[in-house]
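Dear colleague,

I am handing over the structure below. My notes on it follow.

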Amino acid sequence: MQFPVTPEIGVEIIDDIMRVTLHRPEAMNALTSSMLHGLDNAVANLESRDDLRVLIITGAGRAFCAGADLKAFDEAQVVAPGEPDFLDLASSQFARIAALPKPVIACLNGITMAGGLELALSADLLVAADTARIGDAHANFGVYPGGGGAAVL
């Protein structure tokens, strides 16, 4: 069974496994606020279902996730008072995934950088293709790893 959570997040259920695919291959699956909300919805669905035992997260195309979409980052930081900004969304979502009582597997099919690495580090198990390129590029852009990656590393 397949269903989209948002146009950028696809969810497929196979037997007792939920597979979430980041689906912005043209942008190397760079994270947006919409994607973080979609990921949150998928995880909430997983948490509410006893028949699902495993979560797999992967990316479409040649990247797992290149991190935050820097083109949309500034815009995502402007929110109503009391509402979470992009970094709040990312850090809370990554912490939620890390705390799941069900196993989480990140399948790194390609480029995994910055926030993508932080997302991957939220998983219990990382499986990397031989074409995967993994790194933390926050300093290249003058930002800090707001999703908790520095502490986990």
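Which two side chains meet in a salt bridge at 3.0 Å, N to O? They are those of R24 and D69. R24 is in the loop between β3 and α1 and D69 in the loop between β5 and α2 (70-77), so the pair ties together parts 45 residues apart in sequence. Both residues are buried. Salt bridges with shared partners join E8, R24 and D69 into one network. Please bear in mind that this is a predicted model.

The count of salt bridges comes to seven. Another of them links R53 and D16, with the closest N and O atoms 4.0 Å apart. R53 lies in the loop between α1 (33-48) and β4 (54-59) and D16 in the loop between β2 (9-14) and β3 (17-22), so this pair ties together parts 37 residues apart in sequence. R53 is exposed, at 54% relative accessible area, while D16 is partly exposed, at 26%.

Helices α1 and α3 are tied together by D40 and R96, from parts 56 residues apart in sequence; the closest N and O atoms of this salt bridge are 2.3 Å apart. D40 is also reached by Q93, whose side chain comes to 3.5 Å from the backbone nitrogen of D40. Q93 is in helix α3 (residues 86-99) and is buried, with a relative accessible area of 3%. Beyond its neighbours within four places in sequence, Q93 contacts L36, L39, D40 and V43.

On the sheet: three strands form an open, parallel one in the order β5-β7-β9. β5 (63-65) and β9 (133-135) each have a single partner strand, so one side of each lacks a neighbour in the sheet.

Regards

Technical notes
Residues are numbered from 1 along each chain as its sequence is written. This is a predicted model: local features need pLDDT of at least 70, side-chain atom pairs count only at pLDDT 80 or more; totals for chains, interfaces and linings use all residues. Side-chain values use heavy atoms; hydrogens and water are left out. Two strands pair if DSSP finds at least two bridges between them. Helices (H or I, at least four residues) and strands (E, at least two) are DSSP runs, numbered from the N terminus. Buried means under 20% relative accessible area, exposed over 50%, partly exposed in between (1.4 Å probe, protein chains only). A polar contact is a pair of N or O atoms within 3.5 Å; within protein, one must be able to donate a hydrogen and the other to accept it, and residues adjacent in sequence count only if both atoms are side-chain atoms. Contact means heavy atoms within 4.5 Å.
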